[in-house]
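Please keep the sequence and the coordinates open while reading.

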Amino acid sequence: MNQMLGIAVYAGKDGKQPLEDHETLTWLREATLASQPYLAPGPAQPPRRLTDYPQRHSGDFLQDIAYCRQIIEARGMEMLVLDQTRADVGMPVVKVVVPGLRHFWARFAPGRLYDVPVRMGWLKEPLQEEDLNPIPMFF
């Protein structure tokens with residue numbers, strides 16, 4: 001997010017803004033908690049500290065990936081991993097896809113976006129699309 005925020009104030013040598021998306025620029029320059037109150041923490045929720053969250057990493061990257069896969073599979077999904085490492089580059093690269101997860105772009109088809117908050121006990125019933133956050137994250 002910090003890298004993204006830097007884009008809003010950067011202008012190239014020619015003075016032009018490299019980011020041409022008006023909606024993103026407007027958000028980065030003008031959004032506040034007063035204008036976007038749905039981003040504020042719930043008033044009934046106590047503040048949390050790092051120590052409130054269990055440590056999930058093991059120090060072993062492969063073991064941590066297996067842990068993530070277990071979480072995904074326990075919820076009836078699968079994790080697909082494609083090794084895209086190129087020997088001539090020498091840097092490990094993978095693409096990970098979990099069919100059924102929602103993209104971070106605004107895609108509001110039926111499914112997990114509506115069902116998971118109910119299953120987790122956050123909501124009593126699924127929201128309708130018109131009840132979702134009014135401005136989806138676009139980055």
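Why does Asp52 count as partly exposed? Its relative accessibility is 46%, and partly exposed is the class between buried (under 20% relative accessible area) and exposed (over 50%), with a 1.4 Å probe and protein chains only.

## Basis of the values

The model is predicted: local features need pLDDT of at least 70, side-chain atom pairs count only at pLDDT 80 or more, and totals for chains, interfaces and linings use all residues. Residues are numbered from 1 along each chain as its sequence is written, and side-chain values use heavy atoms, with hydrogens and water left out.

## Chain overview

The chain contains four helices and two strands, in the order α-α-α-β-β-α along the sequence. These elements are DSSP runs numbered from the N terminus, with helices being H or I of at least four residues and strands being E of at least two.

Of the 139 residues in the chain, 13% are buried. The chain exposes about 11900 Å², and carbon and sulfur atoms supply 58% of that area; accessible areas come from the Shrake-Rupley method with a 1.4 Å probe, and for residues only the protein chains shown count as cover. Among contacts (heavy atoms within 4.5 Å) between residues at least 6 apart in sequence, 24% join residues at least 24 apart.

## The loop between α2 and α3

Asp52 lies in the loop between α2 (22–30) and α3 (61–74). A polar atom of the Asp52 side chain lies 2.7 Å from the backbone nitrogen of Arg49.

Gln36 is in the loop between α2 and α3 as well. It counts as buried because its relative accessibility is 11%. Leaving aside neighbours within four places in sequence, Gln36 is in contact with Trp27, Ala31 and Ile135.

## Arg56 and its partners

Arg56 also belongs to the loop between α2 and α3, and its 52% relative accessibility is why it counts as exposed. Not counting residues up to four places away in sequence, Arg56 touches Asp64 and Tyr67.

The side chains of Arg56 and Tyr67 are joined by a polar contact of 3.3 Å. Such a contact is a pair of N or O atoms within 3.5 Å; within protein, one must be able to donate a hydrogen and the other to accept it, and residues adjacent in sequence count only if both atoms are side-chain atoms. Arg56 and Tyr67 are 11 residues apart along the chain, with their C-alpha atoms separated by 8.7 Å.

## Helix α3

The 14 residues of α3 should span 20 Å at 1.5 Å a residue, and its end C-alpha atoms are 20 Å apart, which agrees. The expected span is 1.5 Å times one less than the number of residues. Asp60 caps the N-terminal end of α3, with a side-chain oxygen 3.0 Å from the backbone nitrogen of Leu62. After α3 comes Gly76, whose phi is positive, near 80 degrees.

Within α3 lies Asp64.

## Helix α4

Helix α4 covers residues 112–119, and Tyr114, Val116 and Pro117 in it are buried. Gly121 follows α4, with a positive phi near 80 degrees.
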